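Me: I would like to learn how to read a protein structure. Could you walk me through this one?

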Amino acid sequence: YRKSPNSGYLKATVTSADYQDGEYSLLLSILKNSGQINLDKWYNNVLTQFVNVDTSKKYILTFYARANENCDKIYAGMVSCKGGSVKGSRWLDITDEWAEYTLEVHPSAHPDKGQFTKADMEKASVAIGIATQYDDNGKTKESSVFIDNIRLYEKK
């Protein structure tokens, strides 16, 4: 699921071209030459997977990632059904080597706006996104990252 299912900015493809484990990974990419502004913001280019969470619990999100082209950071975490980021969600620096990333998310709270209600989190989403880079003419450069082994589990 893409945040903007009718937009063509973010493309998610299951691929066997490169992977950390198994036979497939997910390639997130943004095509070049778009004049669309703000594609460097997480909320415009995020892949989401709906999950049921308990706002009284904390969760651990782990995954593997590897930069493919013009991508040195990814956004990872969780968002509420209204699109608010959950405490612990953040930009992560990545390299062109496979590496595991782990973060703790708190679905009870927004980092800047206080507490979420249970209803806010009924349709929470795990979110992983990329930010494109722009060329000197204000057009997007092609950007992509491989993602593998995404896991969300309750912190014990």
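Me: Which residues does serine 80 touch, not counting residues up to four places away in sequence?
Reply: Start with the idea of contact, which means heavy atoms within 4.5 Å. By that test serine 80 touches Val86, Phe116, Asp120, Met121 and Lys123, leaving out residues up to four places away in sequence. Serine 80 has its place in the loop between strand 5 and strand 6. Its C-alpha atom is separated by 9.9 Å from that of lysine 118, which is 38 residues apart from serine 80 along the chain.

Me: What kind of model am I looking at, and how are its residues numbered?
Reply: This is a predicted model, in which local features need pLDDT of at least 70 and side-chain atom pairs count only at pLDDT 80 or more, while totals for chains, interfaces and linings use all residues. Residues are numbered from 1 along each chain as its sequence is written, and side-chain values use heavy atoms, with hydrogens and water left out.

Me: Is serine 80 buried or exposed?
Reply: Buried means under 20% relative accessible area, exposed means over 50%, and partly exposed lies in between (1.4 Å probe, protein chains only). Serine 80 has a relative accessible area of 4%, so it is buried. Serine 85 is also placed in the loop between strand 5 and strand 6, and at 11% relative accessibility serine 85 counts as buried. Among the residues that serine 85 touches, beyond those up to four places away in sequence, are Trp42, Tyr75, Met78, Val79 and Phe116.

Me: How many helices and strands does the protein have?
Reply: Helices (H or I, at least four residues) and strands (E, at least two) are DSSP runs, numbered from the N terminus. Here the count is zero helices and eleven strands. The radius of gyration, taken over C-alpha atoms, is compared with a globule rule of 2.2 Å times the number of residues to the power 0.38. For this protein the radius is 15 Å, close to the 15 Å that the rule gives for 156 residues, so the protein is as compact as a globular protein of that length. The C-alpha trace spans about 45 × 35 × 25 Å along its principal axes. Of the 156 residues, 44% are buried.

Me: How do I read the order of strands in a sheet?
Reply: Strands of a sheet pair through backbone hydrogen bonds, either parallel or antiparallel. Two strands count as paired if DSSP finds at least two bridges between them. Strand 3 pairs with strand 10 (residues 124-130) over six bridges in the antiparallel sense, and valine 51 stands opposite alanine 124 in strand 10.

Me: What is the strand order in the open sheet of five strands?
Reply: The order is 1-2-11-4-7, and the pairing is antiparallel. Strand 1 and strand 7 are the edge strands, each pairing on one side only. Strand 1 (residues 10-15) is joined to strand 2 by six bridges in the antiparallel sense; alanine 12, for example, stands opposite leucine 28 in strand 2. Strand 2 also runs antiparallel to strand 11, with five bridges between them, and leucine 26 stands opposite isoleucine 147 in strand 11.

Me: Which residues lie on each side of strand 2?
Reply: In a regular strand the side chains alternate between the two faces of the sheet. In strand 2, Ser25, Leu27 and Ser29 are on one side and Leu26, Leu28 and Ile30 on the other, and all are buried.

Me: How many residues are in the largest nonpolar core?
Reply: A nonpolar core is a set of buried Ala, Val, Leu, Ile, Met, Phe, Trp, Tyr and Cys residues joined through side-chain atoms within 4.5 Å. The largest one has 30 residues, and those with the most contacts inside it include Leu28, Phe63 and Ile147. Strand 4 gives the most to this core, with five residues. There is also a second, separate core of five residues, including Trp42, Val46, Val79 and Ala127.
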